[in-house]
Amino acid sequence: MTFVITTPLYYVNDKPHLGSVYTTIICDSIARYKRLAGEEVIFITGVDEHGLKIQRTANEKGIAPKSHCDEISEIFNNNWKDWNISFDKFIRTSSKNHEFVVNEFYERVKASDDIYMGVQKGWYCVGCEEFKDNPENSSTYKCPIHQKNLEWKNEENLFFRLSKYQKEIEKIINEPSFIEPIERKNEIINFVSRGLKDFSISRTNVTWGIPVPGYDNHTFYVWFDALLGYVSAISSDATEHSLEKSINGGWPADVHLIGKDILRFHAVYWPAMLISAKMKVPKKVFGHGFLTREGQKMGKSLGNVLDPDLLLKKYGNDPVRWYLIKDISLGNDGDFQDKRFVDIINNDLANTIGNLLNRTSSMSRKWFDNKVPNNEKISSKNKLENYAKIAVENYIYNFDNYKLDLAANEVLNLAINTNLYLNDNQPWVLIKEKDNLPLVKEIIYNVLESTRIIGLLLLPLLPELSIKINEQLGSIYREEISWKKQLIWGLLVSNSSLPKPTPIINKLEYEQKL
Ligand code: MSP
């Protein structure tokens, strides 16, 4: 079985912002976790390149849309590499294979008699590339997301018979795990209960799009085209029978992870399009919350946009990942606060995890000839072993249920408990009495073993920090044993060498302005 996970395909009007970095990091963590858990994974990301918004952005720059898209797509691709994102497919919707898939898919939808010509009138937000539900005073109404006026449209378009799928969609959205979290599910149930209306899938005023076969001046509506990117990504190298190859290559997606603003497209329009084309619908649509900055919406006009490049250069990958994964509950809105960021990284990563490893390794090296001590097992009950077992169980349960913040907290709590165990037992006092040597060996072994498990649990969350922990413990991760099996207590080898400790993470300094 293949596990297919997708980020949204980002608009290339601008380079990645913190919101896109957030979604991509979450998907990356899940993809890494699934791979470690033994599943075959296709992790899809990419860019949404067509439509009026991109056409206008390119026009404003005075360059051809294609050159603009080449430039920004390259930035996205490189950015994800800089963030160490483990994506398997990077789809560009301007690629040839994608155009094949869109055409083949359109033929299937047409064969289901779901396409007809009609007139589309309404208020349109170019930022969202979406008609809005007839807001009052529309000419002065600003889209709450983009803060821009809506534009009136009145043109002949091809329509998709969404209304035909009312019953099927009702059934799908009511399935227990299709839409998460529950608040989002209720929003969609509400929306669908008002009755589904057909929607237009072509445009006559947009040249930067995929031409609709048989209709000279029509291009496909950017959302019709973009959603299919998830499918074409799977067969990205194919030059023929692309749709078929995608269907056999792993479709349907197991989860589309998206922001809450684009839920309708994913949870309503998209499944209906797929049913019409006689394809399987995705198994889950997870709508995460929005990030704000110091309590305010991030926006160019507010001047508070946080450049993710800057964050990465200044603090590195893992601190940003830790903050976004651990401090924000997936599904809720989250706030990026500079001071809080610095405090969390210093407390959790530098003091709690980093220090634990550093001081224990130093003690072990000093007392036991630069080695892990022998595992003496003299106490009948091992408190720390118990903590670790429970932490591992909870972590797996939470990860499997998309509660990444709780999974991260399990790791942190294990580190906190390990520090407490160390402080309670005070091996630095015990070591003064020769008779205590076996007990000291046991304590130090247990603490090092716990840090081994902490390191392994961090692998999907903070891959770079996890590798450093591994190196500090003498490069002990074993690829020939499955990751889940390595989480079993007691695998740290007695008398193995410990390298000279170096700090795995530096403390951050708080500066007023990032
Ligand atoms: N191109 C469409 C998606 C097509 S998927 C087939 C699109 N692109 S987008 O670049 O505008 O947005 C991508 C994602 O970023 C959306 O899921 C959106 O919710 C998310 N975010 C945009 N701003 C955000 C924050 N401030 N915080 C978190 N995510 C936010 O929509």
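Helices α14 and α17 run roughly parallel to each other in this predicted model. Their axes make an angle of about 10°, and angles under 35 degrees count as roughly parallel. Two cis peptide bonds are described below, one between Glu180 and Pro181 and one between Trp251 and Pro252.

**Helix packing**

- Two packed helices are described by the angle between their axes and the distance between the axes.
- Helix α14 spans residues 383-400, and helix α17 spans residues 437-458.
- The axes of α14 and α17 lie 10 Å apart.
- From α14, the contact uses Leu384, Ala388, Val392 and Tyr395.
- From α17, the partners are Asn446, Val447, Ser450, Ile453 and Leu457.
- By class, the residues of this contact are 7 nonpolar and 2 polar, with no charged residue.

**Ligand shell**

- The side chain of Asp48 places an N or O atom 2.7 Å from a nitrogen atom of the ligand.
- Leu291 uses its backbone instead: a polar atom there is 2.8 Å from a nitrogen atom of the ligand.
- Tyr11 also contributes a polar backbone atom, 3.2 Å from an oxygen atom of the ligand.

**Backbone geometry**

- Most residues other than glycine have a negative phi, and most peptide bonds are trans.
- The peptide bond joining Glu180 and Pro181 is cis, with omega at about -10°.
- Pro181 sits in the loop between β7 (179-180) and α6 (182-193).
- The peptide bond joining Trp251 and Pro252 is cis as well, with omega at about 10°.
- Pro252 lies in the loop between α9 (242-248) and β11.
- Glu129 is not a glycine, yet its phi is positive, near 55°.
- The loop that holds Glu129 runs between β4 (115-125) and β5 (130-131).

How values were computed: Residues are numbered from 1 along each chain as its sequence is written. This is a predicted model: local features need pLDDT of at least 70, side-chain atom pairs count only at pLDDT 80 or more; totals for chains, interfaces and linings use all residues. Side-chain values use heavy atoms; hydrogens and water are left out. Axes are lines fitted to C-alpha atoms, for helices over the stretch in contact, and angles run from 0 to 180 degrees between N-to-C directions. Helices (H or I, at least four residues) and strands (E, at least two) are DSSP runs, numbered from the N terminus. Angles under 35 degrees count as roughly parallel, over 145 as roughly antiparallel, 65 to 115 as roughly perpendicular and the rest as oblique. Contact means heavy atoms within 4.5 Å. Ala, Val, Leu, Ile, Met, Phe, Trp, Tyr, Cys and Pro count as nonpolar, Asp, Glu, Lys and Arg as charged, and the others, Gly among them, as polar. A polar contact is a pair of N or O atoms within 3.5 Å; within protein, one must be able to donate a hydrogen and the other to accept it, and residues adjacent in sequence count only if both atoms are side-chain atoms.
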